[in-house]
Amino acid sequence: MTFELGVYSFGNTPRLSDGSRGPTAQAVRDVLDAIKLADEVGLDFFGVGEHHMRTMPLSSPTSVINAAAASTHRVKLSTAVTVLSTDDPIRVFQQLATAAAIAPGRIEAVAGRGSSTITFPLFDYDENDYDMLYASKLELLMAVNAGENLTWNGPHRTRPLRDATVFPRTEQPLKIWLGTGGSPESVYRAVELGLPMFLGILGGTPEHWARYGHAYRDAWTQAGHPADQADIAVAVHGFVADTTAEAHATYLEHEHRMMADGLAELGRRAPARSDRAAAFGRGGMVFAGSPDEIADRILHLHGLLGHTRQILQMDVGGMPQREFLHAIELLGTKVLPQIRAELDKDTPV
């Protein structure tokens with residue numbers, strides 16, 4: 001499989017000159033501009049995450065994907081993730097199928113449970129049903145994706161579906177990934193369902209995450225799935241600047257602000273700035289640095305994990321849009337060519 005590189009975003013509400021937050025509507029416009037640039041500079045993928053916060057306001061990723069589908073030409077577009085526990089899987093499919101009609105072959109979905117329970121009271125769900133809702137709705141999403149005629153029943157519905165039809169249809173099934181923060185249960189659920197695994201990573205080491213990859217592939221083979229279909233992608237925090245010193249200083253400032261503001265909205269405390277700085281080195285999982293360093297670190301992780309896609313969240317903490325766009329440009333024009341050139345050396349002719 002060709003290695004793919006990209007970006008993901010939850011939206012980044014801008015900061016005004018007096019330090020206050022700007023309009024959340026601007027965050028939506030900014031991410032659409034970023035997706036257009038990612039397409040122009042040759043990146044493979046742009047993921048639209050789901051959060052419901054003032055600081056990260058992309059609460060409807062499928063809406064953004066539909067807008068981006070009409071204004072791009074080659075970049076793959078996906079949710080990253082859809083918080084499926086508190087969404088309707090049939091509507092998610094219909095919205096993504098609409099985008100797939102506009103951008104055939106370029107639309108995917110990453111289905112996850114979400115990193116918090118903030119959406120449960122918002123959409124009137126019971127937090128005690130957390131895992132049941134996710135498992136049941138993921139099964140229904142897969143069933144809808146498999147065919148237009150649907151007879152299905154699951155614990156999250158009060159009435160079964162009998163000979164239901166769901167339109168529009170995609171011309172080929174959507175690629176659906178299971179999004180996980182790395183819980184062993186999610187790894188084995190992906191294997192059981194035969195789904196590719198998208199790892200959302202905030203900490204740890206490359207060696208730690210390589211063990212998850214090995215566990216997934218071992219279980220995949222034992223389940224009888226074709227070995228070449230065991231697909232792993234990685235989502236990390238990261239940032240690219242002209243120099244490593246600049247990348248570290250810029251990203252540490254904005255990432256710490258993002259964590260402090262975002263976790264405060266969830267009633268949590270952010271990690272110490274010094275703790276996050278330690279994750280910026282080669283032994284950590286924050287990919288902030290110069291183009292040469294980022295290419296080298298992604299290749300190092302690829303050698304351990306064997307993943308086929310890596311995406312970076314770069315627009316955090318009210319980071320100025322110009323800095324985010326420059327990072328996207330460097331990722332597409334400087335980092336990706338180095339990765340492809342190095343991996344091509346190892347490809348048999």
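Predicted model: local features only at pLDDT ≥ 70, side-chain atom pairs only at ≥ 80, totals over all residues.
Close-up 1. Axes here are lines fitted to C-alpha atoms, for helices over the stretch in contact, with angles from 0 to 180 degrees between N-to-C directions. Helices are DSSP runs (H or I, at least four residues), numbered from the N terminus.

**Close-up 2. Side by side: the residues where helix 10 meets helix 11.** From helix 10 come Pro 291, Asp 292, Ile 294, Ala 295, Ile 298, Leu 299 and His 302; their partners in helix 11 are Leu 330, Lys 334, Val 335, Gln 338, Ile 339, Glu 342 and Leu 343. Contact means heavy atoms within 4.5 Å. Nine of these residues are nonpolar, two polar and three charged.

**Close-up 3. Helix 1 packs against helix 11 at an angle of about 20°.** The axes of helix 1 (residues 24–40) and helix 11 are 9 Å apart, and the two helices are therefore roughly parallel. On the helix 1 side, the contact is made by Asp 30, Asp 33, Ala 34, Leu 37 and Ala 38, and on the helix 11 side by Gln 321, Phe 324, Leu 325, Ile 328 and Glu 329. This set divides into six nonpolar, one polar and three charged residues.

**Notes.** Residues are numbered from 1 along each chain as its sequence is written, and side-chain values use heavy atoms, without hydrogens or water. Local features need pLDDT of at least 70 and side-chain atom pairs count only at pLDDT 80 or more, while totals for chains, interfaces and linings use all residues.

Terms used
Nonpolar A, V, L, I, M, F, W, Y, C, P; charged D, E, K, R; others polar. Parallel < 35°, antiparallel > 145°, perpendicular 65-115°, else oblique.
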